[in-house]
Amino acid sequence: MPKLKKKSGSKKRFKKTANGYIKKKHAFKNHLLTKKSKKRKRNLSKFSLLNRSDKKNIIKQI
């Protein structure tokens with residue numbers, strides 16, 4: 001049985017930090033930005049940490 005490839009989309013979307021957490025970008029920052037406030041757009045552009053329940057699944061993919 002050959003080795004399976006990792007998910008290339010996940011490699012682009014998630015990064016592992018030095019402490020073992022996983023960083024991700026927020027959603028809802030692509031289009032329809034005129035109706036969103038500056039504060040909301042600014043907070044969406046920051047990175048956030050992935051939830052612990054999703055961590056095991058994402059680690060397999062990246």
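A pocket is an open set of points on a 1 Å grid over the protein atoms alone, with protein on both sides within 12 Å along at least five of seven lines. Its lining residues have an atom within 4 Å of a point. Grid points are joined across faces, edges and corners, and a volume is the space filled by probe spheres set on the points.

The structure is a predicted model, in which local features need pLDDT of at least 70, side-chain atom pairs count only at pLDDT 80 or more, and totals for chains, interfaces and linings use all residues. Residues are numbered from 1 along each chain as its sequence is written, and side-chain values use heavy atoms, with hydrogens and water left out.

Three strands, in the order β1-β2-β3, form an open sheet with antiparallel pairing. The edge strands β1 and β3 each pair on one side only. Strands (E, at least two residues) and helices (H or I, at least four) are DSSP runs, numbered from the N terminus. Two strands pair if DSSP finds at least two bridges between them.

Strand β1 covers residues 15-16, and β2 covers residues 22-25. They run antiparallel and are joined by 2 bridges. K15 has K23 of β2 as its bridge partner. K16 stands opposite I22. The hairpin of β1 and β2 has 5 residues between the strands. There, G20 takes a positive phi near 100 degrees.

On to the next pairing. Strand β3 spans residues 47-49 and is joined to β2 by 3 bridges, again antiparallel. Here K23 has L49 as its bridge partner.

The largest pocket has a volume of about 160 Å³. Its lining consists of K12, R13, F14, K15, K24, K25, F47 and L50.

The charged end of K23 sits over the F47 ring, 4.8 Å from its centre. K25 lies over the face of F47, at 5.5 Å from the ring centre. A charge sits over a ring if NZ of Lys or CZ of Arg is within 6 Å of the ring centre and within 35 degrees of the ring normal.

Technical notes. 1 Å grid on protein atoms, 1.4 Å probe; cavity = no way out; pocket = protein on both sides within 12 Å on 5 of 7 lines; lining within 4 Å.
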